[in-house]
Amino acid sequence: MDPTPADSLAVVGIGADGWESLTSQAQQEILDAEVLLGGERHLAMVPSVAGQRRIVWQRPLRDHLYTLLDEYVGRRVVVLATGDPLFSGVGSILVDRMADRFGAEQIRIIPAVSSVVLARARMGWPAETVEVIPLVGRNRYAVLRALAPGHRLLVLCSDGSTAGQIAGLITEHGFGASVLTALCDLGSAKESRRSAVASDFVGETAALTVLAIDCVGTGWTWTPGLPDEAFEHDGQLTKRDARASALARLAPGPGQCLWDVGAGAGSVGIEWLRTHPTTSAVAIEADAARAERIGRNAHSLGVPRLVVRTGSAPDALADLPVPDAVFVGGGASREGVLDSVIAVLRPGGRLVVHGVTLETETLLAARYAELGGELIRLQVETAAPIGSFTGWAPARAITQWAWTKPGPADGAGA
């Protein structure tokens, strides 16, 4: 085996079974380290080394870790992590943020068998049939997005109270018949498990728990165009058919970012986020009460990662992440709004604007004449009672302008 470089950074995954289960390469990395960083539990698993500096990291981990690594650039540094360091772990942070300090070729990742692999083995669930949801340091409402009949979930719990909280949460949202299995201390001598339906699952588990969920219930689909009643709103809502049309043209993709300008109830941004767990979105809404309502909708529909900014465009658009797509559901006729979003939209990015007034329709017709794209009028009629008969009740017509910014898509957000 090649000697450890004198100036290097390694991230070594370690399982609950500790030192003896590590590969010879992982053990040698730890023994050769001048500086060893990790949690108290990790550091207690490995033998002491004379002259080696050992540091227990603190919270918030991200800021503390950067400070420490800045101090030890030029030394042989090893960071201990749980299982697979690149699965929602410290390894991901280091690859993203520290390559420029140590050099990408000098960061080595050495994984151990992860708790996810062990959990799938204990449950007998093939990898392709399971969705994994890490909740360590994350909002538990993210589980709600993944609920679907027959779906299998593995939830990485943040502490011993997480499993009970998730059981209550999914029961409230119609999945109380789901079978929950708490897999505790996987790979260790203390490994245990217990199962119950969500509505009966009570009490705490071990701090290190993977919660397996076999989903039984009814809920919202991931197909854009949720029923209007899925959202709390005061009437300022992009209705179902118009929303589905807009999202088809916004074309959400993995890792991409949306601005939902004049968000109302936040329905477009929320549905964008529900299409894929790596998408991101910012909802911009001038009315403070509506902005709070957007946050509640995002939580109840399983996308608490939606960022809500209270303010009016274009001023409220400053310092936001560059968007891959923009939806303007309100305020398009305000001076500077369309010019601002067009200027900042990535090449290849998509813009969809809705208008219901003659003034906005005139503006969108002018932009269409200038820039091209699609100009569509959406008129939806719904069957409704007329006395003892049934007739068509028309909704307010919507003018939709959809446009793609010229230039090659640069893979932003990927």
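Biologist: How many helices and strands are in the protein chain?
Modeller: The secondary structure of the protein chain comes to 12 helices and 19 strands; helices (H or I, at least four residues) and strands (E, at least two) are DSSP runs, numbered from the N terminus. This is a predicted model, in which local features need pLDDT of at least 70, side-chain atom pairs count only at pLDDT 80 or more, and totals for chains, interfaces and linings use all residues. Residues are numbered from 1 along each chain as its sequence is written, and side-chain values use heavy atoms, with hydrogens and water left out.

Biologist: What does the C-alpha trace span, and what share of the residues is buried?
Modeller: The C-alpha trace of the protein chain spans about 85 × 50 × 35 Å along its principal axes. Of the 414 residues in the protein chain, 46% are buried; buried means under 20% relative accessible area, exposed over 50%, and partly exposed in between (1.4 Å probe, protein chains only).

Biologist: Which residues of helix H8 are buried?
Modeller: Helix H8 covers residues 240–250, and its buried residues are Ala242, Arg243, Ser245, Ala246, Leu247 and Leu250. An α-helix has 3.6 residues a turn, so residues three or four places apart point the same way.

Biologist: What do those buried residues of H8 pack against?
Modeller: They pack against helix H9 (267–274) and against strands E11 (257–261), E14 (325–328), E15 (350–355), E16 (374–378) and E19 (398–404). Contact here means heavy atoms within 4.5 Å.

Biologist: What comes just after H8?
Modeller: Ala251 follows, with a positive phi of about 55°. Most residues other than glycine have a negative phi, and most peptide bonds are trans.

Biologist: Where is a cis peptide bond, then?
Modeller: A cis peptide bond joins Ala313 and Pro314, with omega of about 10°. Pro314 lies in the loop between E13 and E14. Asp319 is found in that loop too, and has a positive phi of about 65° although it is not a glycine.

Biologist: Is Asp319 buried or exposed?
Modeller: Asp319 is exposed, with a relative accessible area of 77%. Asp315, also placed in the loop between strand E13 (307–310) and E14, is exposed at 67%. The C-alpha atoms of Asp315 and Gly336 are 9.2 Å apart, while 21 residues separate them along the chain.

Biologist: Which element gives the most to the lining of the largest pocket?
Modeller: H4 gives the most, with five residues. Helix H4 (90–102) is one of the elements that each supply at least two residues, including helix H3 (61–71) and strand E4 (76–82).

Biologist: What is the volume of the second largest pocket?
Modeller: The second largest pocket has a volume of about 950 Å³. Of its 42 lining residues, the closest to its centre are Gln236, Leu237, Thr238, Gly329 and Val356. The largest share of this lining, three residues, comes from H8.

Biologist: Now strand E6. Why is it largely enclosed by the rest of the structure?
Modeller: Four of the five residues of E6 (residues 130–134) are buried, so the strand is largely enclosed. E6 pairs with strand E7 (residues 152–156) in the parallel sense over five bridges; two strands pair if DSSP finds at least two bridges between them. Val132 stands opposite Leu154 in E7.

Biologist: Where is Trp125, and what does it touch?
Modeller: Trp125 is in the loop between H5 and E6 and is buried, with a relative accessible area of 6%. Not counting residues up to four places away in sequence, Trp125 touches Arg120, Val130, Arg152, Leu153, Leu154, Ala212, Ile213 and Asp214.

Biologist: Finally, how many disulfides does the structure hold?
Modeller: The structure holds zero disulfides, a disulfide being a pair of cysteine sulfur atoms within 2.5 Å. For Cys157, the nearest cysteine sulfur is that of Cys184, 8.2 Å away. Cys157 counts as buried at 6% relative accessibility.

Methods: 1 Å grid on protein atoms, 1.4 Å probe; cavity = no way out; pocket = protein on both sides within 12 Å on 5 of 7 lines; lining within 4 Å. Points joined across faces, edges and corners; volume = space filled by probe spheres on them.
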